[in-house]
Amino acid sequence: MKRISVLCAAVALVVTGAYGAENQFGKIEPAKDLMGRAVHNSQGKIGDIKDFVVDLESGRILYSLVSSDGKLIAVPAQEFSSSSESKVVLEADKAKLADGPQFEDSRNAKLSDTDFAKRAHQHFGQSLAWEGTFNNVHKASELIGMNVNNVSDQKIGDVKNVGIDLQAGRVTYVILGSGGVLGVGDKLYVMPHNAFTLSSDKKSLVSGIDKQKLEGAPVLNEKNWSQISDPRFAARVYQHYGKQPYWSGSAQLAPTGREQSATPNSQGRISRNRNRDNDDSDLRVRQQTPAVTGEFGNVEGARRLLGMNVENSRGENIGKLSDIAIDLESGRVIYAVANPKGAGNAKAISPASLVLRANDKAIRFTGNEEKLKNAPNFNRNNDLTSSEYAARVYSHFGEQHSWFDANDKFGHVHLASDLLKMKVQNSQDQNVGQVQNVMVDLQKGRAPFVILNAAPIVGRGENNVFALPPNAFTMGKDQNTLVTGVDKAKLEGAPRFNRENISNPNQAAEIYRYYGKQAYWTTGTDLAPTGR
């Protein structure tokens with residue numbers, strides 16, 4: 001779950017560039033309508049849009065495919081300066097288009113090739129706003145019609161259309177036609193792009209949505225497609241599913257779609273002044289303020305932390321740590337649970353009030369002891385998804401909670417004691433292993449890794465313990481199971497878990513990169529919605 005602001009469009013990051021800023025909410029159009037539309041420049045028609053190559057994980061249009069003189073050319077979406085019902089305008093001459101990277105039929109199997117996408121952007125003078133790997137890439141034409149299944153591999157509908165924001169180079173929505181086991185009637189549901197993962201056979205999409213979630217969900221009126229361009233409607237869609245919109249002023253999406261601090265990207269961005277003549281001398285680099293870098297602190301296993309003594313600043317024992325509420329979607333420690341001496345009830349504590357250094361035998365509580373005794377009571381019947389309760393905890397200790405909105409719900413929250421008992425399956429309900437530990441950085445309020453004890457892998461039986469980013473998992477069909485899209489082949493080549501590679505920031509970042517995730521301590525980013 002992420003903080004969502006209805007006024008996000010008004011405070012989005014402003015960057016001059018082709019067709020508009022990538023973090024602004026623009027005109028949303030159905031991919032079906034855009035495909036086949038004529039492409040014009042100032043001299044007239046020079047081609048047609050045939051397709052878009054999109055990544056649902058990050059919500060990026062990697063490039064569009066423009067047909068011209070019998071060739072299929074990869075063109076960055078941001079290179080289009082305007083769009084109408086009859087045409088889109090490309091800010092390039094025909095010779096520039098003809099010399100662009102050609103998309104061959106053999107490339108269908110290599111859609112996630114970032115080098116090809118980079119070539120396309122560089123050819124048209126566009127800098128990449130993202131980096132890293134892409135794990136859920138499709139042609140829009142092939143995405144439309146794809147089945148969507150639940151985590152039990154039962155069909156719940158299919159993709160009817162895709163909402164494209166050319167202005168931002170984004171996939172804003174996936175339009176789901178309901179059906180199958182949910183039995184919710186013949187409706188079109190507007191959903192964020194990252195509400196879906198790719199099935200293990202790569203032939204369908206998987207979503208953790210259920211019938212209850214779809215009841216009251218935003219629905220598209222097929223006769224009023226203009227509503228998908230209404231930022232208030234868009235904010236409601238993302239808020240309903242607990243996702244972070246790319247146009248939000250509170251955070252921008254980082255390289256592979258993961259949320260980032262509101263500070264702009266530190267890299268210079270090549271942009272084109274549309275009010276000047278269209279030539280290469282008109283390219284300029286706009287330097288931006290560096291992003292705030294996240295911190296990598298002391299990481300300890302939850303198995304060690306649970307039951308550990310809590311001491312005050314004088315070294316006196318004042319209670320025990322009994323549990324930790326963790327949101328795997330954001331990789332955040334929401335709050336810790338302690339049993340203070342003489343309090344009578346378990347209490348919820350903001351994680352920033354707790355300090356544990358590498359060789360400490362006890363956790364140090366740095367706050368006011370009276371506040372600890374009077375902190376909000378906690379019991380296992382609490383609604384763990386309640387951000388209103390979490391906000392009360394933070395307010396009680398006089399701390400900010402800018403990374404979540406007290407009016408929303410956390411999407412994938414568990415007590416650490418429960419996580420340590422959970423089984424892990426793939427989307428086909430096959431056993432992958434079980435959670436061995438959850439690594440926690442209490443003072444920074446982070447849970448950077450889930451430690452998976454994998455089921456025996458053929459030919460690699462010596463060490464099947466892996467550290468995975470928390471957002472490599474989604475919720476299973478019951479409360480005792482996690483689901484991961486990481487398959488056997490990915491695990492076979494993955495780095496094995498050891499204490500050193502999760503304690504060293506550089507090695508830990510390499511683990512994130514291996515799974516196509518963004519490490520918050522290297523870029524200041526937050527993690528994306530669950531499993532993405």
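Predicted model: local features only at pLDDT ≥ 70, side-chain atom pairs only at ≥ 80, totals over all residues.
**Exercise 1. The cores**

Find which residues touch the most other members of the largest nonpolar core, and list the contacts of Tyr335.

*Solution.* 
- Start with the core itself: it has 76 residues, and Tyr335 and Phe449 touch the most other members.
- Next, select Tyr335 and leave out residues up to four places away in sequence. The contacts are then Ile324, Ala325, Ala348, Ile349, Pro351, Phe378, Leu384, Tyr389, Ala390 and Val393.
- Finally, look for a second, separate core. This one has 58 residues, among them Phe52, Leu56, Val162 and Tyr173.

**Exercise 2. Helix α3**

Work out which residues of helix α3 (residues 114–123) are buried, and how they are placed around the axis.

*Solution.* 
- First pick out the buried residues of α3: Thr114, Phe116, Ala117, Ala120 and His121.
- Then look down the axis. These residues lie on the same side of α3, because they cover an arc of only 160 degrees.
- Now ask what they pack against: the buried residues of α3 meet β4 (60–68) and β5 (71–75).
- Check both ends of the helix. Just after α3, Gly125 has a positive phi of about 70 degrees.

**Exercise 3. A loop residue**

Locate Asp69 and decide whether this residue is buried or exposed.

*Solution.* 
- Follow the chain from β4 to β5: Asp69 sits in the loop between these strands.
- Read off its backbone angle. Asp69 is not a glycine, yet has a positive phi of about 50 degrees.
- For background, most residues other than glycine have a negative phi.
- Turn to accessibility. The cut-off for exposed is over 50%. Asp69 therefore counts as exposed, at 61% relative accessibility.

**Exercise 4. Helix α9**

Identify the buried residues of helix α9 (residues 387–396) and what covers them.

*Solution.* 
- List the buried positions: Ser387, Tyr389, Ala390, Ala391, Val393 and Tyr394.
- Next, find the cover, which includes β22 (332–340), β23 (346–349) and β26 (377–378).
- Then inspect the start of α9, where a side-chain oxygen of Ser386 comes within 3.5 Å of the backbone nitrogen of Glu388.
- Just after α9, Gly398 takes a positive phi of about 70 degrees.

**Exercise 5. Two sets of strands**

Assign the partners of β7 (residues 87–90) and β33 (residues 481–484), and say whether each pairing is parallel or antiparallel.

*Solution.* 
- Begin with β7. Strand β2 (residues 38–41) pairs with β7 in the parallel sense over three bridges, and His40 has Val89 as its bridge partner.
- Strand β6 (residues 80–83) pairs with β7 in the antiparallel sense, also over three bridges. Here Ser83 stands opposite Val88, and three residues separate the two strands of this hairpin.
- Move on to β33. Strand β28 (residues 423–425) runs parallel to β33 and is joined to it by three bridges; Val424 is partnered with Leu482.
- Strand β32 (residues 473–475) pairs with β33 in the antiparallel sense over three bridges, and Met475 has Leu482 as its bridge partner. The two strands form a hairpin with five residues between them.
- Last, compare the side chains of β33: Thr481 and Val483 point one way, Leu482 and Thr484 point the other way, and all are buried.

Key
Residues numbered from 1 in each chain as written. Heavy atoms only, no water. Core = buried A, V, L, I, M, F, W, Y, C linked by side-chain atoms within 4.5 Å. Buried < 20%, exposed > 50% of the residue type's maximum accessible area, 1.4 Å probe, protein only. Contact = heavy atoms within 4.5 Å. Helix = DSSP H or I, 4+ residues; strand = E, 2+ residues; numbered from the N terminus. Arc of directions from axis to C-beta. Polar contact = N/O pair within 3.5 Å; in protein donor to acceptor, adjacent residues only side chain to side chain. Pairing = 2+ DSSP bridges.
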